[in-house]
Amino acid sequence: MDTRVLHYFIVLTQVGNITKAATALHTTQPTLSRQLKELEVEVGAPLFIRGKRSITLTDAGILFEHRAQAILNDLAQTKRELKNNLTGLAGPIRIGCVESKVSPFVANWLATFQQQHPHSHFSLFSADGNTIREQIDQNQLDIGVLLEPIESAKYFARTIPITETWGLIMASNAALAQKDFIIGSDLQALRLLGPRRSILKNQIATWLRLDSDTLRFQGDRNLENNVLPLLLDHHYYDIGIDGILDFYQNQRLTFVPFSPLSQTRHTLIWRKNHALSPTVQAFIDYVTTQIQEMPL
């Protein structure tokens with residue numbers, strides 16, 4: 001398949017009109033129409049619904065648009081990496097990171113690595129662990145920094161000895177805000193929010209010696225900012241980590257830890273059975289060295 005035709009397809013989906021697409025691509029309308037019909041024959045499915053003034057995508061076309069854009073993005077990235085690596089380590093490092101106590105360390109690692117390799121370029125993506133894993137699986141991120149536990153069958157991992165304590169984040173005037181710690185029975189009647197990862201929810205229930213079904217989560221979230229009004233104004237309680245309050249410093253919020261003490265460490269992950277660019281591999285090696293020098 002000619003990748004040029006994939007580009008033509010993407011342009012048409014963006015403008016929605018074959019005449020405008022032909023003009024943007026500096027080709028003729030009959031030539032563009034013929035190439036797109038040949039594309040439909042090659043993929044074996046109709047991709048367009050052709051109207052009098054506009055063109056819309058079929059269900060197959062929507063799926064193909066996603067795949068075509070991913071192919072073009074991968075090709076462009078590969079070309080950049082091959083070109084840049086001729087002059088040493090260069091090119092992108094696509095990294096996802098949770099918002100936690102680990103964030104300043106990740107920033108320092110990126111800054112120091114880029115000083116050593118000025119032609120490198122990083123894309124830093126803030127998200128929860130679920131989204132980071134999904135982006136790695138879809139090849140939209142190279143590496144991730146998130147909280148344990150992780151699925152060891154799918155990812156290589158390096159444990160980072162930076163610990164977070166789990167507990168309840170709530171409004172400072174909430175009744176439970178005056179407690180020294182939270183136990184499992186305290187959660188029974190609360191309107192709970194929490195992390196999206198099922199593996200973490202099960203871990204939380206184990207810590208609190210509860211059946212996981214007794215934790216009545218009424219919502220979940222990835223990052224914290226948009227749920228703050230629910231905590232402050234609507235009497236919700238969020239199960240989270242103490243490091244969150246380093247990001248969202250608000251005197252109207254408080255954190256109370258669980259009892260028994262419930263803690264997790266961070267981990268650096270990347271996908272198994274997947275080729276990394278020399279720059280990404282060098283960054284992983286650099287971070288691994290930094291982790292080994294950290295106190296346990």
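Reader: Which residues do ring pairs link into a cluster with Phe9?

Author: This is a predicted model, and the structure holds 7 aromatic pairs. One of them joins Phe9 and Phe48, a tilted pair at 5.5 Å centre to centre with 55° between the planes. Ring pairs extend this into a cluster, and the partners of Phe9 in it are Phe48 and Phe64.

Reader: How many residues apart in sequence are the parts that the pair of Phe9 and Phe48 ties together?

Author: Both Phe9 and Phe48 are buried. Phe9 belongs to helix α1 (residues 3–15) and Phe48 to strand β1 (residues 48–50), so their pair ties together parts whose separation in sequence is 39 residues.

Reader: Is Trp109 buried or exposed?

Author: Trp109 forms a tilted aromatic pair with Phe105, at 6.4 Å centre to centre and 50° between the planes. The two residues are 4 apart in helix α5 (residues 103–116), so about one helical turn separates them. Phe105, at 33% relative accessibility, counts as partly exposed. Buried means under 20% relative accessible area, and Trp109 has 6%, so Trp109 is buried.

Reader: What is the radius of gyration of the protein, and why does the protein count as more spread out than a compact globule?

Author: The protein has 10 helices and 11 strands. For 296 residues the globule rule gives 19 Å; the protein is well over that, so it is more spread out than a compact globule, with a radius of gyration of 24 Å.

Reader: How far apart do the centres of the positive and negative side chains lie?

Author: The protein has 28 positive and 28 negative side chains. The distance between the centres of the two sets is 7 Å.

Note on methods: Residues are numbered from 1 along each chain as its sequence is written. This is a predicted model: local features need pLDDT of at least 70, side-chain atom pairs count only at pLDDT 80 or more; totals for chains, interfaces and linings use all residues. Side-chain values use heavy atoms; hydrogens and water are left out. The radius of gyration is taken over C-alpha atoms; the globule rule is 2.2 Å times the number of residues to the power 0.38. Lys and Arg count as positive and Asp and Glu as negative; His and the chain ends are not counted. The place of a charge is taken as NZ of Lys, CZ of Arg, CG of Asp or CD of Glu. Rings of Phe, Tyr and Trp (its six-membered ring) pair if their centres lie within 6.5 Å; planes under 30 degrees apart count as stacked, over 60 as edge-to-face and the rest as tilted. Buried means under 20% relative accessible area, exposed over 50%, partly exposed in between (1.4 Å probe, protein chains only).
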